[in-house]
Structure formats: C-alpha cells, structure tokens
Amino acid sequence: MGINRRSFIRSSSFLLGAVLYPGKNILGTISYFSFAGIKEIRPNIGIYTGRGGTIGWFISDDAVVVIDSQFPDTAEHFVTEFKAKTDRRIDILFNTHHHGDHTSGNYYLKDFVNDIVAYENCVKLQKKFYGKGDKKEKQIYANITFNNEWELDLGKEKMKALHFGNAHTAGDAFLHFQNANVVHMGDLVFNHAYPYMDRPAGCMITGSINYLEKVIPLFDKDTMFIYGHASTDEFVTGSIKDLRTMKDYFSSLLEFVAKEIKAGKSLAGIHKAESVPGFKNLKERWDGAKNMNLKAAFEELNS
Ligand SMILES: [Zn+2]
C-alpha cells in the first residue's frame with residue numbers, strides 16, 4: 001500500500017480533473033455533497049460528513065489519522081478536501097466496525113494510507129459479510145488488528161482504542177484522542193435517531209447498555225464525541241449526555257417490548273406503537289427504523 005508523495009500529488013490532481021469531466025454525473029455528485037465537508041471541531045481534529053458514517057480526522061506535524069472511510073466516491077471527495085489541510089500521507093486509517101458505510105471507502109483510501117487498524121472482529125465480520133460475491137473484489141481489510149485494546153503514541157497526542165463486547169455489532173471499537181479529549185464512537189451512538197440493529201452481525205441491545213455503561217465513566221463533561229450517525233449533521237458531535245440518552249433509550253426499548261410481550265402482544269401488534277415511551281422525537285434515518293428496533297428487542301427477549 002506504499003506510494004510515494006509524488007504519486008499522491010498525481011492521483012490527487014487526477015481527482016480534480018475527474019470531478020469536472022463531462023461524462024460524470026455532476027448533478028448526482030452535487031446532491032450527494034450539498035451538505036458535505038470537512039469541519040474542524042477542536043484544534044487539529046475534525047470530521048467529514050458526506051454519505052454514510054461520519055469520518056474523523058487528526059492532523060499534526062507528527063502524524064495523520066483518519067477514522068472510517070464511508071464509500072469510495074465520498075472517500076474521494078474527502079481526500080480532495082483533506083489535501084487542502086495537509087500534504088502528509090495518512091499514517092493510520094482506523095475502522096470502528098465492518099459496516100459498508102464505514103469501510104467501503106478503504107478501497108479508495110488504500111493508496112493514501114500506510115496502515116489500516118481495526119479490532120479483530122471487525123475484520124472477521126467484514127470478511128464474512130462482504131468477502132464473497134460482487135463486493136469481494138473491492139474489500140480492503142485492516143492490516144493491523146487488535147484484541148480489546150490498542151494504543152499509539154502520536155508525539156504530542158496519544159490515541160487509544162477499546163472494545164467492550166457485542167453492541168451495535170460484535171466488532172465495535174471506539175477511539176480516544178487523549179490530549180484533545182475527543183472520542184470517535186463509530187455506531188455505538190446514533191444521536192437523536194433510531195440506531196441500526198444488525199442482529200446477524202452480533203448486535204445486542206443488552207450488550208449496548210453494558211458497553212455504554214463501561215464507556216461513560218471513562219470520560220467527562222469536556223470530552224467531545226463524534227457519532228457515526230445522527231438525526232442531522234448538526235448532531236454528529238456532542239457530549240457525554242448523548243451517551244447517557246442512548247443508553248436510556250436501549251433500556252426503555254427493552255422494558256417497553258418486554259411489557260408488550262407480557263401483555264400477550266405479537267410482533268405485529270408491538271409494531272403498532274408510534275414510538276418507544278419517552279423517545280418520540282427520535283428520527284427514522286430510513287423507513288422502518290423504529291420497527292427494526294422493536295423487532296430486534298422482541299427477538300433478543302425471546303432468544
Ligand atoms: Zn454500523
């Protein structure tokens with residue numbers, strides 16, 4: 001995956017040309033990217049919201065780190081914006097979990113990064129779900145994996161990744177920049193929105209509660225969190241309060257569905273609920289998000 005700086009510049013200028021090429025669907029591109037862009041949230045640290053899970057980034061004189069990669073087309077757009085901030089190569093690309101809207105862009109970013117790091121189950125799940133069929137050709141997997149804990153000294157900054165068991169999937173890790181006090185949570189939090197629940201990949205609601213219970217005491221009111229998804233771009237960053245709200249949502253969801261099951265309701269009957277009590281303002285990021293959550297709780301309680 002090693003390329004030199006000259007080819008970085010060459011590939012990047014090719015990209016600029018590609019955006020203007022008349023054969024390209026520019027309207028599609030504009031509508032995709034109308035809300036997208038790079039934003040600095042603390043000195044040297046920021047986000048990129050395009051399509052898919054929020055990308056995080058860190059730039060210093062010592063190192064460049066990118067967290068998650070979205071899709072090949074948005075990763076390409078990210079690089080065109082990012083190179084205005086730094087001409088250094090990306091030292092580390094970190095994948096928070098295997099889902100395609102966080103790892104498909106690895107395929108594009110591979111030429112710009114030295115190493116890709118992920119929790120070991122992230123790679124296992126990526127291979128299991130995308131390692132066959134038409135997605136197989138474009139899978140790029142982390143070349144460095146860890147079990148439960150990983151840290152790296154970045155000179156004036158230090159980053160640490162941890163994993164606390166099944167939650168959004170069986171392979172979620174979060175990454176803390178210790179001096180900046182910024183944490184990328186991946187999809188452990190969907191802020192103000194119904195979370196995606198991927199039971200075949202090991203999603204567990206009880207696990208999510210346990211996971212967040214372990215994360216919350218590690219941080220404080222000054223910690224800034226980056227979330228994979230939110231109701232709007234405005235809420236892809238936030239504070240520890242959001243983690244407590246997410247944990248309370250998971251508890252309320254299980255409690256509500258348990259009560260409905262006890263009352264003799266079928267899943268179809270439970271789906272008639274307009275919301276989970278106390279959480280009527282959660283946004284459905286896709287049709288059926290609320291019902292997916294109710295079904296996941298139903299299945300988990302019946303398993
Ligand atoms: Zn996800």
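A residue is called buried if 20 or more other C-beta atoms lie within 10 Å of its own, exposed if 12 or fewer, and partly exposed in between, with C-beta atoms placed from the backbone. Helices (H or I, at least four residues) and strands (E, at least two) are DSSP runs, numbered from the N terminus.

What does Val65 touch, leaving aside its neighbours within four places in sequence? Its contacts are Trp57, Phe58, Asp91, Ile92, Phe94 and Met159, where a contact is a pair of residues whose C-beta atoms, placed from the backbone, lie within 7 Å.

A word on what you are looking at. This is a predicted model, in which local features need pLDDT of at least 70 and side-chain atom pairs count only at pLDDT 80 or more, while totals for chains, interfaces and linings use all residues. Residues are numbered from 1 along each chain as its sequence is written. The pLDDT, which is the predictor's confidence in each residue from 0 to 100, averages 90 over the chain, and 88% of the residues score at least 70. Over residues 1–35, though, the pLDDT is below 50, and this stretch has 22 contacts in the model beyond near neighbours in sequence.

Now for the overall picture. The chain holds 10 helices and 15 strands, and 42% of its 303 residues are buried. Of the contacts with a separation of 6 or more, 67% are between residues 24 or more positions apart.

Follow strand 2 (residues 45–49) for a closer look. It pairs with strand 1 in the antiparallel sense over 5 bridges, among them Arg42 with Ile45 and Glu40 opposite Gly46. The hairpin of these two strands has 2 residues between the strands, and Asn44 takes a positive phi near 75 degrees there. On to strand 3: 4 bridges join it to strand 2, and the two run antiparallel, with Gly46 opposite Trp57. Their hairpin has 5 residues between the strands, and Gly52 in the turn has a positive phi of about 100 degrees. Because 5 of the 5 residues of strand 2 are buried, this strand is largely enclosed by the rest of the structure. Ile45, Ile47 and Thr49 are on one side and Gly46 and Tyr48 on the other.

The buried residues of helix 6 are Asn121, Cys122, Val123, Leu125 and Gln126, and their cover includes helix 4 (100–103).

A further open sheet has 6 strands in the order 8-9-10-11-13-15, again with mixed pairing. Here strand 11 (residues 182–184) and strand 13 (residues 224–226) are parallel over 3 bridges, one of which joins Val182 to Met224. In the loop between strand 13 and strand 14 (229–230) you will find Gly228, which is buried, with 29 other C-beta atoms within 10 Å. Beyond its neighbours within four places in sequence, the contacts of Gly228 include Gly53, Thr54, Thr96 and His102.

Finally, turn to helix 10 (residues 289–302). Its buried residues are Asn293, Leu294, Ala296, Ala297 and Phe298, and what covers them includes helix 7 (205–215), helix 8 and helix 9 (267–270).

Key:
Contact = placed C-beta atoms within 7 Å. Pairing = 2+ DSSP bridges.
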